[in-house]
Amino acid sequence: MNINNIIIDTDIGDDIDDIWAVVYALINPQFKVRAISVTSGNVDYKAKLVAKILKELNQTDVLIIKGKAILNGCNAQQRWLNDFTDYEGEITNEYNLAYQTLFNKYNDITIFELGPINDLANFIKSFNNKEKINLIMMGGAYKKGYLGEDKPEAEANLIYSYSAFNELIKSIKITLLPLDVCRSLIINKELYQELLKSKKKNIKLLLDNYHIWQSDYLGGAKKFNLLESTSVLFDIVVPLYYLYGNLFKVENLKIKSNEKGCLIEGEKEIKIATLVNENELMNRYVADLLRY
Ligand SMILES: [Ca+2]
């Protein structure tokens, strides 16, 4: 089995989908997550959240990197953190230095971008070996918007980082996974019952966070019935694309983001996934969660 070196850049802790992607990558033996960087919001809270996840999964060898706090988040999983302080792993504020060091150490790293790309783009701008960067990002909307919206609309990751994104796509290889291929990634009733029945610690961790988020979160995300399904798990599309890319249709298109975070015609061709076999993807996702 190939072991793939991964760094995850995430705005975990506001919307709930990040934790479903992060835990999946951590427990899947096909990945070796080397670091998790937290961005966009209350990065102290987010770093603590990642620390508790790593501790629960016995993976405190994964480096935690704090980005800049640029937005006010909603700290929706604070209650799960409780008063967690007992963490023996490494947490650094030196975002650029940490990424540089990881790229010096490992030859083949893939970056999973699960949030706005400002901090990562700032590092890449200063990085001399841009050809080493292989980046898969959840972001944008090509022909579809959020669930139920059949025309493209502004997507949150690009709203908060459109200028950094436009700069970045001129200089590196990027695969973009827009709302078109993740807006319907919900664990449906049948599969969800399998998770509810499971005794696995990893799954309990995910469900505990989901339940707390549903009860405490005051933001704009759509609420779902806790007994019947998850909410939309946008970010899981990134690790799933990496493993199961054959379930996606991928095109090379000249695009960029406008200042509202909508994709428009651009100058540089990038890889963008435009269709996916959602049912098969979710079957594999849940089967993997139950297996590992
Ligand atoms: Ca996210």
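**Helix packing, core and burial**

Author: In this predicted model, helix 8 (residues 189–197) and helix 11 (residues 278–291) cross at roughly 5°, and their axes come within 11 Å.

Reader: Why is helix 8 called roughly parallel to helix 11?

Author: Angles under 35 degrees count as roughly parallel. The crossing is at roughly 5°. Helix 8 is therefore roughly parallel to helix 11.

Reader: Which residues make that contact?

Author: Helix 8 supplies Leu191, Glu194 and Leu195. Helix 11 supplies Met282, Val286, Leu289 and Leu290. By class, that gives six nonpolar residues, no polar ones and one charged.

Reader: Now helix 4 and helix 5. Why is helix 4 called oblique to helix 5?

Author: Helix 4 (residues 95–105) and helix 5 (residues 118–126) pack at about 60°, with axes 10 Å apart. Hence helix 4 is oblique to helix 5.

Reader: What is the hand of this crossing, left or right?

Author: The crossing of helix 4 and helix 5 is right-handed. Tyr95, Asn96 and Tyr99 in helix 4 meet Asp119, Phe123 and Ser126 in helix 5. The contact counts three nonpolar, two polar and one charged residues.

Reader: Which residues of helix 5 are buried, and what covers them?

Author: Asp119, Leu120, Ala121, Phe123 and Ile124 are the buried ones. Their cover includes strand 1 (4–10), strand 2 (31–38), helix 4, strand 5 (109–113) and helix 7 (162–168).

Reader: How do you know that Ile27 is buried?

Author: Count its neighbours. A residue is buried if 20 or more other C-beta atoms lie within 10 Å of its own. Ile27 has 20 inside 10 Å, so Ile27 counts as buried. Ile27 is in helix 1. Beyond four places in sequence, Ile27 contacts Leu57, Asn202 and Tyr292. Trp80 is 53 residues from Ile27 in sequence and 20 Å away in space, C-alpha to C-alpha.

Reader: And what makes Ile136 count as buried?

Author: The cut-off is 20 or more. Ile136 has 23 C-beta neighbours inside 10 Å, so Ile136 counts as buried. Ile136 lies in strand 6 (residues 134–138). Leaving aside neighbours within four places in sequence, Ile136 touches Thr110, Phe112, Glu113, Thr175, Leu177, Val238, Tyr241 and Tyr242. Ile64 is 72 residues away from Ile136 in sequence, and 19 Å away C-alpha to C-alpha.

Reader: Which residues have the most contacts inside the largest nonpolar core?

Author: Val22, Ala25, Val50, Leu177 and Val237 do, in a core of 87 residues. Helix 1 (residues 17–27) gives the largest share, nine residues. Val50 touches Ile12, Ile36, Val38 and Ile64, with residues up to four places away in sequence not counted. In soluble globular proteins, nonpolar side chains tend to be buried together.

Reader: How do you know that Asn58 is exposed?

Author: A residue with 12 or fewer neighbours is exposed. Asn58 has 9 C-beta neighbours inside 10 Å, so Asn58 counts as exposed. Asn58 sits in the loop between helix 2 (43–56) and strand 3 (63–66).

Reader: What is the phi of Asn58?

Author: It is near 55°, a positive value in a residue other than glycine. Most residues other than glycine have a negative phi.

Reader: What makes Asn82 exposed?

Author: The limit is 12 or fewer. Asn82 has 8 other C-beta atoms within 10 Å, so Asn82 is exposed. The loop between helix 3 (78–81) and strand 4 (91–92) holds Asn82. Asn82 is not a glycine, yet its phi is positive, about 55°.

Notes. Residues are numbered from 1 along each chain as its sequence is written. This is a predicted model: local features need pLDDT of at least 70, side-chain atom pairs count only at pLDDT 80 or more; totals for chains, interfaces and linings use all residues. A nonpolar core is a set of buried Ala, Val, Leu, Ile, Met, Phe, Trp, Tyr and Cys residues joined through C-beta atoms within 7 Å. Helices (H or I, at least four residues) and strands (E, at least two) are DSSP runs, numbered from the N terminus. Two residues are in contact if their C-beta atoms, placed from the backbone, lie within 7 Å. Axes are lines fitted to C-alpha atoms, for helices over the stretch in contact, and angles run from 0 to 180 degrees between N-to-C directions. Angles under 35 degrees count as roughly parallel, over 145 as roughly antiparallel, 65 to 115 as roughly perpendicular and the rest as oblique. A crossing is left-handed if the near helix is turned anticlockwise from the far one by less than a right angle, and right-handed if clockwise. Ala, Val, Leu, Ile, Met, Phe, Trp, Tyr, Cys and Pro count as nonpolar, Asp, Glu, Lys and Arg as charged, and the others, Gly among them, as polar.
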